[in-house]
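This briefing sets out the overall dimensions, a helix pair, the ligand shell and several individual residues. Please read it alongside the sequence and the coordinates.

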Amino acid sequence: MSTDTLDRKTLEPYWMPFTDNKRFKEAPRMVSSAEGMYYVAPDGSRILDGLATLWCVNAGHCRPRIVEAIRAQAGVLDYASSFSMGHPLPFQVAARIAEIAPETMNHVFFTNSGSEAVDTALKIALAYQRLRGEGTRNRLIGRERAYHGVNLAGISVSGIPTNRKAYGNSLLPNVDHLAHTQDLSTRAFVRGQADQGAELADELEQRIIPLHGAENIAAVIVEPVSGAGGVLVPPQGYLQRLRDICTRHGILLIFDEVITGWGRLGTPFASQFFGVTPDLMTFAKGVTSGSAPLGGVIVSDAVYDTFMNAPGGGIQFFHGYTYSGHPLACAAAMGTLDTYAEENLLHHGDGPIVRQFEEGVHAFAERPHVIDARNLGLIGAIELAPRDGAPGARAFEVFEKCWQSGVFVRPVGDAVAFCPPLIVRPEHLDQMFGTVLEVLDTVA
Ligand SMILES: Cc1ncc(COP(=O)(O)O)c(C=O)c1O
C-alpha cells in the first residue's frame, strides 16, 4: 500500500505519542520525505521545519554524510552489544563528544533517548553519592515547568502537570522542585537573558536545603533553557548561582542538554554558552540530527573516577541498555559530527542569523494575543493569552493553520515555539515568521 493514501483502518492500530489520536486520524498531517529545511507532504507540497521537528534536526534533514554513514554501517556491522564486548564506534563517538564537551567532562554513557539519558543521570547521581559514603543523599531536585522526558524518574523531577497527573503517588517519593524562572509581570518581552532574577536560584539554599538537609540531597537537575515547558530563558547569573550552591553543599548539578546541546545556543553545549560546568550532562536528539535514536550522559572526570576507583572488583555500574552504543546510531552520530564540523554549526555564536531570529521573535510584540516573546541563540517562543477555559487551544490553532500554510512550528501550552535547524537561512526565517504573523491575524 502506498504510504500516501492510508485509509482509516490502517491509521487505527498505531497509538500515536503525545497526540490527540482521534483528531489526528480524522485529518492526518503526513509527510513522506524531507531534505534540508523542508518536509515534503504526500501531495508534493513543502513544509518548512521551524522546530528542527522535535528540537533535534540541527543539521537539517537527510544530510548526505549522515545518510551515507548509516547506509554504509548497515551493511558492515548491524548490531553488536557493549556488555563486556565491544566495537570501535561508540568509543570513537565518545572520544569526539569528550573533545567538544567542557574540559573536565570526558566520559560518555550511551542510551537511546533523552528520557533514558535523564534516568541514567539520576541513577549515576544516586549511586555516586552512595559510593562516596553519602548514602543518605537520595533526594532529587527538579524544577517547575521542566521537561525531562517521560520515564518515571524523569517525570518525577519534571514540572509539567499534564505529564504527571495520571501517575499521582507512583512518582518517585523523594523529590522537590525549584520554582521556574518565568515572571511575565516583570520580565516579558526580554531579548536574551533578563538581567533580573538570578536570586531565584537562592531558593535552593534558603528553602530546599534547610527543609530536607543537604546531607539528604543527591542532585539538582535543570534544563539550562527549558524547552518543552515553553522556552524559558534563565536570568543572567542564575545558573552560576545554582552551581555555587550545589558545590558548597556536595550536591551534583545535572544539566539536561537534550535540546540545548549541539549548537542550539551557538556553542556545542549550553554549559559553554553560560560558562557554567555541571557534573553530569544529558544529551540526545541533535547528536544524530534526529536521524537515529541515540542519547547519553556526559560525566565529569571526578564522578567517573569515583566509580572506577571504588573498592572491590567487577562491574562498576549495574546499568545499560541492549542498544547502548548501537552501531547504526553511532554511525549516524559520526556522520552528524562530521557535518557539524565541516559547516561550523556548533560554533556559529551570535552571528547575523541569530540576530535576525531575535528580531523575528520580537516582531510579534503588539500583535494580537501575544503576551510575551523570548529568545536565546536559535530557540525562541511567543506566548499567547489563553482562551477562557481552553488552555493551549489558541496556540494549537496557530500550529494547525501554519501547517496548512506550509510551516511547522510547535505549540507548547499557550506558547508557539521556534527552533529551526542550524542551517536556516534568512529567507527561511522570513517565511517562518511571516506565516505565523499572517496566521495570528486570523485566529480568534
Ligand atoms: C530537556 C529534555 N530532556 C529529555 C527529553 C526526552 O527525550 P526523548 O524524547 O528522546 O526521550 C526531552 C525531549 O524533548 C527534552 O527536551
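A residue counts as buried if 20 or more other C-beta atoms lie within 10 Å of its own, and as exposed if 12 or fewer do. By that criterion, buried residues make up 49% of the 444 residues in the protein. The model is predicted, and it contains 16 helices and 15 strands.

**Overall form**

- The radius of gyration of the protein is 22 Å, which agrees with the value near 22 Å that a compact globule of 444 residues would have.
- The C-alpha trace spans about 65 × 55 × 45 Å along its principal axes.
- Of the contacts in the protein with a separation of 6 or more, 71% are between residues 24 or more positions apart.

**Helices H5 and H13**

- Two packed helices are described by the angle between their axes and the distance between the axes.
- Helix H5 (residues 88-100) and helix H13 (residues 327-342) have axes that come within 9 Å and cross at roughly 35°.
- The crossing of H5 and H13 is left-handed.
- On the H5 side the contact is made by Leu89, Pro90, Gln92, Val93 and Arg96, and on the H13 side by Pro327, Cys330, Ala331, Ala333, Met334 and Leu337.
- Sorted by class, the contact of H5 with H13 has 9 nonpolar residues, 1 polar and 1 charged.

**Ligand shell**

- The ligand is surrounded by 15 residues, of which Ser113, Gly114, Ser115, Gly149 and Val258 are the closest.
- Helix H6 (residues 114-131) supplies the largest share of this shell, 3 residues.
- The shell around the ligand divides into 6 nonpolar, 7 polar and 2 charged residues.

**Buried loop residues**

- Thr181 lies in the loop between strand S6 (175-178) and helix H9 (203-212), and it counts as buried because it has 24 C-beta neighbours inside 10 Å.
- Beyond its neighbours within four places in sequence, Thr181 is in contact with Gly197, Leu200, Leu232, Pro234, Pro235 and Tyr238.
- Thr181 and Pro235 are 54 residues apart in sequence, and their C-alpha atoms are 7.4 Å apart in space.
- Trp262 is placed in the loop between strand S8 (252-256) and helix H11 (270-274), and its 29 C-beta neighbours inside 10 Å are why it counts as buried.
- Not counting residues up to four places away in sequence, Trp262 touches Asn58, Pro268, Gly286, Val287 and Leu346.
- A separation of 9.5 Å divides the C-alpha atoms of Trp262 and Leu422, which are 160 residues apart along the chain.

**An exposed helical residue**

- Lys9 belongs to helix H1 (residues 8-11) and, having 7 C-beta neighbours inside 10 Å, counts as exposed.

**Positive phi angles outside glycine**

- Ser84, a residue other than glycine, has a positive phi near 55°.
- Ser84 is in the loop between helix H4 (64-74) and H5, and it counts as exposed because it has 6 C-beta neighbours inside 10 Å.
- Arg145 is not a glycine either, yet its phi is positive at about 65°.
- Arg145 sits in the loop between strand S5 (139-143) and helix H7 (152-157), and it is buried, with 21 other C-beta atoms within 10 Å.

Methods: Residues are numbered from 1 along each chain as its sequence is written. This is a predicted model: local features need pLDDT of at least 70, side-chain atom pairs count only at pLDDT 80 or more; totals for chains, interfaces and linings use all residues. Axes are lines fitted to C-alpha atoms, for helices over the stretch in contact, and angles run from 0 to 180 degrees between N-to-C directions. Helices (H or I, at least four residues) and strands (E, at least two) are DSSP runs, numbered from the N terminus. A crossing is left-handed if the near helix is turned anticlockwise from the far one by less than a right angle, and right-handed if clockwise. Two residues are in contact if their C-beta atoms, placed from the backbone, lie within 7 Å. Ala, Val, Leu, Ile, Met, Phe, Trp, Tyr, Cys and Pro count as nonpolar, Asp, Glu, Lys and Arg as charged, and the others, Gly among them, as polar. A residue is near a molecule or strand if its C-beta atom, placed from the backbone, lies within 6 Å of it. The radius of gyration is taken over C-alpha atoms; the globule rule is 2.2 Å times the number of residues to the power 0.38.
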